[in-house]
Amino acid sequence: MSDLPLSHALPHDGTDAEARPVFAEERRILGVRASSWPGIIAPLVIGILALTAWELTVRLKGIPHYILPGPLLIAQTLWKDWGTLSVSLMITLRITFAALIAAVVVGVSLAIIFTQSKWLEKSLFPYAVILQVTPVVAIAPLIIIWVGDINLSLLICAWIVAFFPILSNTILGLNSADHNLINLFQLYRASRWQTLRYLRLPAALPYFLGGLKISGGLALIGAVVAEFVAGTGGSASGLAFRILESGYRLEIPRMFAALILISLSGIAIFFLTSWIAHLCLRNWHESAVRREN
Amino acid sequence: MTTAVGATARSLVSIRNVSKQFANGTVAIRGVNLDLRDGEFVSLLGPSGCGKSTLLRIIAGLGAPSAGTVDWPTSSHDASGEAHPDLGFVFQDPTLMPWANALKNTMLPLTLAGVGKAEAEARSAEMLALVGLKGFEKSYPRELSGGMKMRVSIARALVTHPKILLMDEPFAALDEITRHKLNDDLLALWWQNRFTAVFVTHSVFESVYLSQRIVVMAARPGRVMADLRSEAPYPRDALFRTSADYAHLCRAASGTLREAIAA
């Protein structure tokens with residue numbers, strides 16, 4: 001069937017011809033698309049204006065630093081206490097990422113198991129919901145008593161907060177494969193494993209990544225909240241304890257410094273998960289495709 | 001055009017007294033008898049709701065009939081006696097995997113059958129070239145037009161060289177120019193490869209242009225009204241659309257369809 005009279009068939013037919021989109025390469029400044037710059041500069045300008053206003057207010061009104069420190073003092077404190085704060089930052093980040101990874105592993109595994117067996121889903125899903133709706137602050141003391149090891153307790157608390165969005169989103173994604181494609185897989189007598197591997201998992205990817213974005217922030221919140229509840233001290237403490245400690249000692253600039261590190265971590269996690277989502281979906285998913293119009 | 005009586009060539013599929021009633025009580029088709037012969041091009045023509053898609057899905061094995069049998073006398077059967085016909089299926093929508101490019105989409109049946117990657121890629125690339133998509137192997141579905149996506153869908157259905165190609169109103173959503181082009185290319189593929197083609201459509205003109213045989217169905221309940229034969233020779237091209245033969249066939253099919261709708 002090599003000499004079919006079709007070699008000239010396409011793309012000559014009317015509508016087909018102009019179908020292939022042309023991706024124009026845009027001019028870049030410092031590696032960033034020229035059109036992206038206003039989106040970067042505008043919030044920066046707002047930020048600088050707000051910080052200046054803050055600093056001026058504190059100085060002109062003579063507000064004491066144990067009530068509200070100015071941004072310059074906070075920056076100095078961050079620099080001066082970087083030794084202690086960086087250790088705490090690493091501890092909080094370690095718990096956050098360990099919890100996030102555990103949430104991904106457990107969430108995705110459970111989602112796959114649930115979609116293979118309706119009965120398992122029906123029996124276990126309510127408990128996942130209970131775990132989700134119970135405030136972590138309320139169960140953290142119990143977990144700390146039962147587990148003993150404080151780092152493991154914090155990890156479990158952060159995991160409880162983070163895993164549900166991944167579980168529920170991945171279940172939704174695994175069940176959202178195109179019905180006709182499922183029929184097609186049946187026609188070709190695909191095994192369960194093949195249907196999972198080639199159809200359900202790829203179809204679930206955008207949903208999973210949406211869950212991951214939410215869970216990234218939640219893991220950080222979980223790690224911080226749990227440490228507040230645990231209230232443990234010592235050299236191996238996370239950022240939450242530094243905030244508590246600064247509160248007791250009225251070292252408000254240092255409290256702000258720790259707060260800023262938590263916020264920056266949250267922002268970094270958000271950008272990291274968004275970047276991963278972009279890398280995974282840029283070729284095909286509506287959410288990641290750049291459009292001209 | 002004559003009414004087909006009895007089986008001349010050997011039957012590929014033998015449909016006997018097939019009925020389908022859905023769980024909500026709707027009777028989609030009732031008492032359908034049909035023999036599909038090796039290598040013929042058959043259209044199932046009827047108004048919407050006549051159960052032509054349901055019948056096609058039953059032939060494909062997607063959903064068992066409520067009553068009656070579908071036999072594949074010449075196909076292989078497994079130990080439990082279930083037939084495993086080689087078939088390809090084209091849905092009304094292209095039904096492509098958006099995360100996979102045209103080549104990967106075309107490869108799917110081969111991948112599922114455990115064919116090695118290199119061989120699967122080579123065969124899929126060859127098939128894509130045959131449907132006129134050479135150079136678009138790496139394109140994702142979102143980068144392709146409706147007509148091109150349908151071509152990928154046809155390539156995927158034909159990549160296993162099935163004995164029978166089942167098509168469920170595949171070109172209904174396309175504009176007329178693209179549809180005519182795809183009709184011609186489909187006929188060329190069929191003419192060269194001589195698989196059995198079953199084409200569901202609600203267009204009299206499309207069914208007459210393509211088929212050797214037009215099975216006209218009526219609705220509520222879905223049933224076969226007439227089994228028309230067309231002796232017009234292949235290959236057919238745009239000239240056929242202006243021929244007296246074509247006009248005559250269209251008139252006959254339209255008349256039967258009108259009776260089917262009135263019945």
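I began with strand β7 of chain B, in which B:Val200 is the bridge partner of B:Asp168. The model is predicted: local features need pLDDT of at least 70, side-chain atom pairs count only at pLDDT 80 or more, and totals for chains, interfaces and linings use all residues. Residues are numbered from 1 along each chain as its sequence is written, while chains are lettered from A and ligands numbered from 1 in the order in which they are written.

**Entry 1: strands of chain B**

I noted how strands and helices are assigned: they are DSSP runs, numbered from the N terminus, with helices being H or I of at least four residues and strands being E of at least two. Strands pair if DSSP finds at least two bridges between them.

I looked up the partners of β7(B). Strand β6 (residues 164–168) of chain B pairs with β7(B) in the parallel sense over five bridges. Strand β3 (residues 41–45) of chain B also runs parallel to β7(B), joined to it by five bridges. Within that pairing I found B:Ser43 with B:Phe199 as its bridge partner.

I then asked how many residues of β7(B) are buried. A residue is buried if 20 or more other C-beta atoms lie within 10 Å of its own, exposed if 12 or fewer, and partly exposed in between, with C-beta atoms placed from the backbone. Six of the six residues of β7(B) (residues 196–201) are buried, so the strand is largely enclosed by the rest of the structure. B:Thr196, B:Val198 and B:Val200 point one way, B:Ala197, B:Phe199 and B:Thr201 point the other way, and all are buried.

I turned to the hairpin of β1(B) and β2(B). Strand β1 (residues 11–21) and strand β2 (residues 27–37) of chain B run antiparallel and are joined by seven bridges. B:Gln21 has B:Val27 as its bridge partner in β2(B). Five residues lie between the strands, and B:Gly25 takes a positive phi near 95° in this hairpin.

**Entry 2: domains of chain B**

I checked the domain bounds, which come from an automatic or database domain assignment. Chain B is assigned domain 1 (1–86 + 164–263) and domain 2 (94–161). The contact takes ten residues from domain 1 of chain B and nine residues from domain 2 of chain B; two residues are in contact if their C-beta atoms, placed from the backbone, lie within 7 Å. On the side of domain 1 of chain B that touches domain 2 of chain B, helix α5 (residues 176–193) of chain B gives the most, with four residues.

**Entry 3: the largest nonpolar core**

I recorded that a nonpolar core is a set of buried Ala, Val, Leu, Ile, Met, Phe, Trp, Tyr and Cys residues joined through C-beta atoms within 7 Å. The largest one has 145 residues, and among the members that touch the most others are A:Ala162, A:Ala219 and B:Val198. Helix α9(A) gives the most to this core, with 16 residues. The core also draws at least three residues from each of domain 1 and domain 2 of chain B.

I listed contacts of A:Ala162, leaving aside neighbours within four places in sequence: they include A:Ala99, A:Leu100, A:Leu218 and A:Ala219.

**Entry 4: helices of chain A**

I counted eleven helices and two strands in chain A. Of its 293 residues, 32% count as buried.

In helix α8 (residues 179–187) of chain A, the buried residues are A:Leu181, A:Leu184 and A:Phe185. Seen down the axis of α8(A), they fall within an arc of 100° and so line one face of the helix; the arc is that of the directions from the helix axis to the C-beta atoms. These buried residues pack against α9 of chain A together with β5 (87–90) of chain B. Just after α8(A), A:Arg189 takes a positive phi of about 55°.

In helix α10 (residues 239–248) of chain A, buried residues include A:Leu239, A:Phe241 and A:Ile243. The buried residues of α10(A) pack against α4 (82–116), α9 and α11 (252–281) of chain A.

Finally, I examined A:Leu205, which lies in helix α9 (residues 192–230) of chain A. Is A:Leu205 buried or partly exposed? A:Leu205 is partly exposed, because 17 other C-beta atoms lie within 10 Å. Not counting residues up to four places away in sequence, A:Leu205 touches A:Gly173 and A:Cys280.
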